Number of protein chains: 2
Amino acid sequence: MNAARNKVNEQILSKKSLLCVGLDSDPDKIPEIFHSMQKPVLEFNRAVVRATREHAVAYKLNMAFYESRGIEGLLDMQSTLENLPSESLSIADAKRADIGNTSRKYAEAFFDHWGFDALTVAPYMGEDSLEPFFDYDQKLIFVLCLTSNPGSADFEEQQLQSGTSLYQAVLSKVQRWERNGNAGIVVGATKSSQLREIRKAAPGLFFLIPGVGAQGGSLQESAAFGVDENSQAALINVSRGIIYPEGSFDSIESFEDAVSVKAARLHNEMQSIF
Amino acid sequence: MNAARNKVNEQILSKKSLLCVGLDSDPDKIPEIFHSMQKPVLEFNRAVVRATREHAVAYKLNMAFYESRGIEGLLDMQSTLENLPSESLSIADAKRADIGNTSRKYAEAFFDHWGFDALTVAPYMGEDSLEPFFDYDQKLIFVLCLTSNPGSADFEEQQLQSGTSLYQAVLSKVQRWERNGNAGIVVGATKSSQLREIRKAAPGLFFLIPGVGAQGGSLQESAAFGVDENSQAALINVSRGIIYPEGSFDSIESFEDAVSVKAARLHNEMQSIF
């Protein structure tokens, strides 16, 4: 088994948690109290990490939220990554893929340059567009399979003449393309009925399950249907549902307390499956 | 018609050229002569732009080649973009898309923050993942349709039960989702037989056609089959086939001459369709 899976499995078993915290950090949404600081987004992220470290096994940085602010945002991304607990899995949610020589450059960016443990990628362009990512056999590569959004009906859920749907075809090819257990897939928590069927078709595959919280997916069903028989191969991501607690905060500590309560509640609900 | 299309159409008609130069600038491949400079990639890009400006109507920056070098690479990307001729279309080849609120951030990154005229996006996640891009009705959005790489057989060319292939389904939906003529598609030059059929199904859609040169696509066929009846709605991208001329160069001028010869030859071949 590879280094990234080993690392996250150890955390999953010791914490009895599948919680991945999504750092979709938006300057327009972070509490007022951070705005007077020199690097509001970085300080916000550090506070979220401090408040969730006990409960989370992974952190997912949504690249769009950093890229939208250009160099300044990417510097915040880099510092956030450097400040993550070393025992947690770091995921770049970037949904990249291109022709082979270009995908190789994206793999270099996220794995060699920034140093993430894991990356989300998009399957549309097929095998040679994903191969450069799978070449990294100590990392985890999460391929989009069945996503949480309404648009999943447009293509992902379309039936192919071969008798399976497109997302099932992706699932089956990803299982062939992986090396050394480095493949994972993204399956939305809003798709709980298909989640059970996908888990059955791919017993050992690592699942990244976003869509709990703001998008309306069920945590209970994600946990019940998404984990494999050893309860080791799934992460349930919550972004807005943790990092933006209701209310206004007059201190960093009170913000961290509110975030911590959110994370602890989710952690608690997950423990029932262990 | 929107601002980006107006701008590039004007160039296409005045230069009688469909040439888009792809700045896939790799520090390992740029001539020795640039390496002693303070910003080798930026100076290389500036030389390529000077050498091709007369022939090209668009420049495509392949984001992976800049992201792979982190902040330093992105600063080169930013300066390159600022140095492009204002009359040329600037395309970010980024192949982004995610759930709606995330795609909105990517759109902000490329259109509002960096200020590109056009962007490539990936269709797998469906309508709501692309809507935030199409909301920019003065920009051009190129959706992946049928790509030039072998992996296009894995999913893009799969037949759906509805009787069309996946890429045809993408083509048909993109035509419904566009606003104000801001939609384009990416079709590989290596797919000349399908290119003719796609053009027939989408007479006014803007085509970005990569794959001529290193990937083996035919310029003649791309030009003949890819343009619409007004010869205004296609760009043929060449990256490695222009920016890496054979030989070694003892001056920037001799490098620019070699690049210019390559671009002029391609430009010349294109003029026959006007």
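In this predicted model, 60 residues of chain A are in contact with 60 residues of chain B. Between them, the two chains bury about 5,100 Å², and 59% of that area lies on carbon and sulfur atoms. On the side of chain A, the residues that lose the most area to chain B are Lys105(A), Tyr124(A) and Phe155(A), which together account for 18% of what that side buries.

Charged side chains also take part in this interface. How many salt bridges are there between chain A and chain B? The count is eight. As an example of a salt bridge from one chain to the other, please look at Lys95(A) and Asp98(B), whose side chains meet with a distance of 2.6 Å from N to O.

Over all chains, the count of salt bridges comes to 36. One within chain A joins Asp93(A) to Lys60(A), with the closest N and O atoms 2.7 Å apart. This pair links distant parts of the chain, since Asp93(A) belongs to strand β3, residues 89-96, and Lys60(A) belongs to strand β2, residues 58-62. The two residues are 33 residues apart.

I now turn to the packing of helices. Two packed helices are described by the angle between their axes and by the distance between those axes.

Helix α2, residues 40-52, packs with helix α4, residues 70-82, at an angle of about 25°, and their axes are 9 Å apart. Because of this angle, α2(A) is roughly parallel to α4(A); angles under 35 degrees count as such. The crossing of α2(A) with α4(A) is right-handed. Which residues of α2(A) and α4(A) meet? From α2(A) they are Val41(A), Leu42(A) and Asn45(A), and from α4(A) they are Asp76(A), Ser79(A) and Thr80(A). By class, this contact of α2(A) with α4(A) holds two nonpolar, three polar and one charged residue.

The next pair is also in chain A. The axes of helix α8, residues 192-201, and helix α9, residues 219-226, come within 8 Å and cross at roughly 15°. That angle makes α8(A) roughly parallel to α9(A), and the crossing of the two is right-handed. On α8(A), the residues that meet α9(A) are Ser192(A), Leu195(A), Arg196(A) and Arg199(A). Their counterparts on α9(A) are Glu221(A), Ser222(A), Phe225(A) and Gly226(A). The contact of α8(A) with α9(A) divides into two nonpolar, three polar and three charged residues.

The last pair lies in chain B. Here helix α2, residues 40-52, and helix α11, residues 252-271, have axes that come within 8 Å and cross at roughly 50°. The crossing of α2(B) and α11(B) is right-handed. The contact comprises eight nonpolar, two polar and two charged residues. Among the residues that meet are Phe44(B), Ala47(B) and Val48(B) from α2(B), and Ile252(B), Phe255(B) and Val259(B) from α11(B).

Where is Ile33(B) found? Ile33(B) sits in the loop between β1, residues 19-23, and α2 of chain B. Leaving aside residues up to four places away in sequence, Ile33(B) touches Phe249(B), Asp250(B), Ser251(B) and Ile252(B). By contrast, the C-alpha atoms of Ile33(B) and Arg176(B), which are 143 residues apart along the chain, are separated by 49 Å.

Note on methods:
Residues are numbered from 1 along each chain as its sequence is written. Chains are lettered from A and ligands numbered from 1 in the order in which they are written. This is a predicted model: local features need pLDDT of at least 70, side-chain atom pairs count only at pLDDT 80 or more; totals for chains, interfaces and linings use all residues. Side-chain values use heavy atoms; hydrogens and water are left out. Axes are lines fitted to C-alpha atoms, for helices over the stretch in contact, and angles run from 0 to 180 degrees between N-to-C directions. Helices (H or I, at least four residues) and strands (E, at least two) are DSSP runs, numbered from the N terminus. A crossing is left-handed if the near helix is turned anticlockwise from the far one by less than a right angle, and right-handed if clockwise. Contact means heavy atoms within 4.5 Å. Ala, Val, Leu, Ile, Met, Phe, Trp, Tyr, Cys and Pro count as nonpolar, Asp, Glu, Lys and Arg as charged, and the others, Gly among them, as polar. Buried area is the accessible area (1.4 Å probe) that two parts lose on being put together, summed over both. A salt bridge is a side-chain nitrogen of Lys or Arg within 4 Å of a carboxyl oxygen of Asp or Glu. Angles under 35 degrees count as roughly parallel, over 145 as roughly antiparallel, 65 to 115 as roughly perpendicular and the rest as oblique.
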